[in-house]
Amino acid sequence: MQRPFDPSEGEKKRFATGKGPRGGRAASSGAEGRTVASPPGRPSAAPRVQRQKRSKQPVTRPTDALPTTPHSVPASGKSNAAARSVLRRLVQGEDPPTQAMSIVERLAGSPYANPTIQVAGPDASARKALDLALDLAEAMFRFGAGALEVETSIIAVTAAFGLDDIEVDITNQSVVINYSSKDQTPTTVLRVVRSWTNNYAGLTNIHRLVSDIVDGGVSRTEAAQRLDDILRRPKPFSRWMVTAAFGTFSAAIVGLIGGSPMGSLIGFASCILIDLVSRKLGEWRVPEFFSVATSAAIVTLIAMLVWWLQVPIAPAFVVVGGILLLLPTGRLVSATQDAINGFPVTAAGRYLSAILVFAALVSGIAVALVAGSAVGVPELEVLESDGTQYPWPVAAIFVFVAVAMICVAEQTAMSLVIPTAMVAVAGYLLLLGATAAGAGYRLAPVLAAVLIGGLARVVALRMHATQLVVAVPAVLFLYPGLTVFRSMYDLTIEAGVVSTGVVGLFNASTVVLAIAAGVVLGDNLARPFTRKLSSDERQRNRRR
């Protein structure tokens, strides 16, 4: 049986005589690897020469009739490949999703974005640059800055001095910086912050120093000298002014929430007393928990004793004017900001500290209520606040005065006192509008806090300060101090309404945290609208 591609009988005879299909001799090796022996009498080299000559001629194979795949791609295939490439770019990013982020990219969205790098490259003494960054971070922590602000300041300063191979780790009270340049021994420095103080003016000056370093106009030696001057500079306001500011703040808050002029006067005197007591306890190194509890107990006892003497006041309003000063407002805002910005350890530590202060405040009120009831003080009239008894322009003046006094107590720079008070007035006007629209006592303060947080960022950039310096004093009047006192009174004195006190205390805590979150939300919402403002400010700094 003959297969379709088998040679015919004539072809077999020609192959046997040594001739190929076209009259030539057969090659020694066919397409299928068969070897044909040379005729006898011929040298073995001759067929090799003939094979070399015949290799240039095309050889017809039986498989030539089958279809083959072309080596070149048609135009349609190229267009399909281009379309697939465009689609891949639309679906998948250019960079790998797990690519490590550069440390300098953390400056995006901050006032220190795109720092000016020194042309000379890394500082010959990298350790001195690291020590300067640590000194800046310690001072900022002591003055109440948030973890994100401290981290961006460290990155901006080290990058400006040419140290870009660094890692920063920040906890509640410590800062670690690791510098590991190529082919060099890594350097790790640590600083622990053991003390805190109210000095928003110092925090503002440090912010301006970091901005000048980022702009490229300050050397490391000059920066160290300026930082030393900031730390040695006295605070803007003396102690007696701070004490008077505490009393004035209490008087304004009592009038704002509906108290009488007599209540404002008693609040003024009681807050001056608790400020003097707190200062003395601080000199004795008494822990903050007991200092806050003592202050809360004193202001509550004063209100109860005045009520016992039948002075026509609302004792709850007097207490509120005093305990608002004791609330850890700055720590709550900073802790919420740290939690949202990805610093869980720092946020947890600050939240714990704020909760302890809040617990001390509640404990002091409870002890005072029990002590007053034991000596025979009649039951207090814990009233709901219907708002101030004055028209809204007068109430706005109360807010302005109260926030200005808090700025004095927090040692804010003189140039920032009036702008901060104006931001608070804007928040108060929104609070009135939201309340009139039926937003409720939970949502209305949060909306006002969002507005205050956004305006605080704009004002801070204009005044070369940080957002926290403006936002913390401006938001203080929103906290529900009256709800805290009324809830503690129900828990301590009114045994039949314990559940009401627990619910009220929980609601007050929720509102406090929501207000702090609203400040951070306002700051983030204002960032896209303030990028050009931050860039313009930096350009003006460079021209100077």
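User: What is the mean pLDDT of the protein, and what share of its residues reach 70 or more?
Analyst: Happy to start there: this is a predicted model, and each residue carries a confidence score from 0 to 100. Residues at 70 or more make up 74% of the protein, and the mean pLDDT is 80.

User: Which element of the protein has the lowest mean pLDDT, and which the highest?
Analyst: Over residues 22-56 the pLDDT is below 50, and beyond near neighbours in sequence this stretch has 24 contacts in the model. Where pLDDT is low, the coordinates should not be read in detail. The lowest mean, 45, belongs to helix α2 (residues 45-54), and the highest, 96, to helix α15 (residues 414-436).

User: How many helices and strands does the protein have?
Analyst: The protein has 544 residues, of which 44% are buried. Its elements number three strands and 19 helices.

User: Which residues of strand β1 lie on its covered face, and which on the uncovered one?
Analyst: In a regular strand, side chains alternate between the two faces of the sheet. In β1 (residues 166-170), Glu 167 and Asp 169 form the uncovered face. The covered face holds Ile 166, Val 168 and Ile 170.

User: In β2, which residue is the bridge partner of Asp 169?
Analyst: Strand β2 (residues 174-179) pairs with β1 in the antiparallel sense, over five bridges. A hairpin of three residues joins β1 to β2. Across the pair, the bridge partner of Asp 169 is Val 176.

User: Among contacts between residues at least 6 apart in sequence, what share join residues at least 24 apart?
Analyst: This share counts contacts, meaning heavy atoms within 4.5 Å. For the protein, the share joining residues at least 24 apart is 74%.

Notes. Residues are numbered from 1 along each chain as its sequence is written. Side-chain values use heavy atoms; hydrogens and water are left out. Buried means under 20% relative accessible area, exposed over 50%, partly exposed in between (1.4 Å probe, protein chains only). Helices (H or I, at least four residues) and strands (E, at least two) are DSSP runs, numbered from the N terminus. Two strands pair if DSSP finds at least two bridges between them. pLDDT is the predictor's confidence in each residue, from 0 to 100.
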